[in-house]
Amino acid sequence: MWLLFLFLFASLAATGDGNGDNGSRVYVVYMGAVPPRSSPDLLRESHFRLIETVLKRGQKAETVIVQQYKHGFSGFAARLSKDEAASLRTRHGVVSVFADPVYQLHTTRSWDFLQQTAVKIDSKAAATSPATDTIIGLLDSGIWPESPSFDDSGFGPVPSRWKGICMTGDDFNSSNCNRKLIGARYYDLSEVRGPVDGSNSPRDRAGHGTHTSSTAAGNAVAGASYYGLAPGTAKGGSATSRVAMYRVCSEAGCAGSAILAGFDDAIADGVDIISVSLGASPYFRPDFSDDPIAIGSFHAVAKGVTVVCSAGNSGPEAATVVNAAPWILTVGATTIDRDFESDVVLGGNNSAVKGGAINFSNLDKSPKYPLITGAAAKSSSVSDSDSASHCEPGTLDSSKIKGKIVVCNHSDGDTSKIDKVDILNSAGAVGSILVNNAEVAVATAYLDFPVTEVSSAAAAAIHKYIASNSQPVATITPTTTVTEYKPAPVVAYFSSRGPSAQTGNLLKPDIAAPGVNILASWIPTSSLPVGQKQPSQFNLVSGTSMACPHVAGVVATVKAWNPTWSPGAIRSAIMTTATELNNDRAPMTTDSGSVATPYDYGAGQVHPTAALDPGLVYEIGEDAYLQFLCNYGYNASKIKLITSIPSGFSCAANASKDLISNLNYPSISIVGLSKTGSRTVTRAVTNVGALEEATYTVSVSAPAGLNVKVTPSKFEFTKTIKKLAFQVNFSSRNMAAKSTLSGSITWSDGKHMVRSPFVVTS
């Protein structure tokens, strides 16, 4: 489960150590867009000349440069002293200079479930995707090319527009690429703290990149399972797409300099979509001009490449969403209708207590194993009963737990579950029951040691039984797969939530997708259940890392059907067709059972079929992003360094973060309504439906206490009128302090339902 929780510790490793004996470290020097009439060779020489202006006499640029960015944008990463970096910040043409950060990875039935919960519509979506050779590039931990998910049987020649390569490295050569896996690169990860295993290769040593790649675009592989669990056909969202891997991460983290290099190469190589399942800690949130993901994605989108990123795994706390730039499609995580059940059978005539985890228990089916709580097994040398009840290391008496099933509480801040269980196993316990409210929906793999996890409500029956029996006994059943589980989807507890701390007037995340217990391809492992001779080719993993490639697969399919659509149009199609309902036809909830809001899931759960035919789209181009940067606080001089700007462009005198609400985004967010009592925003929609002549009318779903008026309330599209604008006025006289209200605006022609969520805070 390290993939799921490693992100939480990124704030402790926000930048790599990288300090040499002379006090140097790697810095990224970002220089904005590639200048007109330039070339990679010219940029290379200009970078060398620039850096040599701050180096000691006689020192060559080649000896300090780590990466160069020469295709999608301009810049370099180099080993510099603090003073040299400071000097470069003052040089003409430099947008920003920042220490190389270390980001973290945000660690099948999911696709079938998305189709089942989707509202059925009559559209071309019922057909399979056209074979248009969409290329998905992934910035991740590498790839395991031997996986059947990347077999190229049935694929035609590699698209002629592809300019990428298959790099040779440790245990990897050009023959590992094929007509499915068409490209693979790796980058210098020496600045990432911690052990770097096999970093000189595109080959995946963590499993993460293999999992995300196959989720986005893996072939359909029949008979897939995790040692018999979750059986079925594993398939990616866009199985006809090609895959290109850019290895920018090791198990220890992802170097910002490598992330930028991955973006730069992916743009030049010719990918259509970039999927990024990693990010900064919400507690180390760099400015856009200091954020490798924000920088790389800005220039990718400017070239027509859609960028999809995970929202982060720091939920359920508010304002933890990352990768929140408006040019990024930001994805939160939800559950699917599959559960992994492992029950507790108590002695006597008691009913089984429902639990969940992945274990291949060989305990007897009858309840004959003594049952004890951690508190009752407390060591006499320990005074803290609470720590003992959580089975913290060193708090239990081994003689009291030997041969028994131990009931342990578990909560955030505890020793990891895996470590607790390993200690119990070593002490002679025969099994464990973890009482864990937050994480109970995420099935942790304990393999041979019998462990299950129960909610505190379910644990009440266990504690009552123990209290009423002098010799309580129980057993733990091996895991079984439960399908058609309800309710689903539910917003995953770990999924990072809005509002964005950077841009409160922009709703993030944008969308939600399956990210809990997702079955996809994996690397070979030496940890096998008893009786298994071969490692599973698949694994069950959770995180917004898993949600992100689901949406990347949808993007690829939408792009295949609509090859001329811009990244903004594709995002709009995905957001405005999302669903807010679960498989009980009720509003989606969070893991705690409360009704979910747009801060939890953005526009809702992605609907792959409906996104192919949205009816209307909210277009947004680079000019709009320039205005966003003005309103965010950048001046025209800095923006001119970042990208090419139209002649005469300037930031408005009244530019402010409040005006970010006017960005032509498929959702609306307004902060501080109580200051004025009323706010009006403008949006424009473009008709992309099959009928050029179409009439749309608006409906509003607003909570009590908030007045929402849309003007006009009716649109008439014709052969010559394809784009129309409207205004939305929000007003409230008695909005409570620090309150948040949400609802939606929907345009419909009787066939399409073009829904935009809104959130208003006081």
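Helices (H or I, at least four residues) and strands (E, at least two) are, in this talk, DSSP runs numbered from the N terminus. Pro316 lies in a loop between two such strands, E15 (306-310) and E16 (329-334).

Some conventions apply throughout. The model is predicted, so local features require pLDDT of at least 70 and side-chain atom pairs count only at pLDDT 80 or more, whereas totals for chains, interfaces and linings use all residues. Residues are numbered from 1 along each chain as its sequence is written, and side-chain values use heavy atoms, with hydrogens and water left out.

I begin with the whole chain. The protein chain contains 17 helices and 40 strands. Its C-alpha atoms fill a box of roughly 85 × 70 × 55 Å along the principal axes. Of the 762 residues, 60% count as buried, where buried means under 20% relative accessible area, exposed over 50%, and partly exposed in between (1.4 Å probe, protein chains only).

I turn next to a helix pair. Helix H7 (residues 292-302) packs against helix H15 (residues 622-632) at an angle of about 150°, and their axes are 10 Å apart. Axes here are lines fitted to C-alpha atoms, for helices over the stretch in contact, and angles run from 0 to 180 degrees between N-to-C directions. H7 and H15 are therefore roughly antiparallel to each other; the cut-offs are under 35 degrees for roughly parallel, over 145 for roughly antiparallel, 65 to 115 for roughly perpendicular, and oblique for the rest. On the H7 side, Phe298, Val301 and Ala302 meet Glu622, Tyr625 and Leu629 of H15, contact meaning heavy atoms within 4.5 Å.

Which residues of helix H13 are buried? They are Pro567, Gly568, Ala569, Ile570, Arg571, Ser572, Ala573, Ile574, Met575 and Thr576. Because 10 of the 10 residues of H13 (residues 567-576) are buried, this helix is largely enclosed by the rest of the structure.

The peptide bond from Gly315 to Pro316 is cis, with omega near 0°. Another cis peptide bond joins Lys486 and Pro487, with omega about -5°; Pro487 is in the loop between strand E26 (480-483) and strand E27 (490-491).

Tyr227, a residue other than glycine, has a positive phi near 50°. Tyr227 sits in the loop between strand E8 (221-226) and strand E9 (229-234), and is buried, with a relative accessible area of 13%. Arg585, also not a glycine, has a positive phi of about 65°, and its place is in the loop between H13 and strand E31 (589-590).
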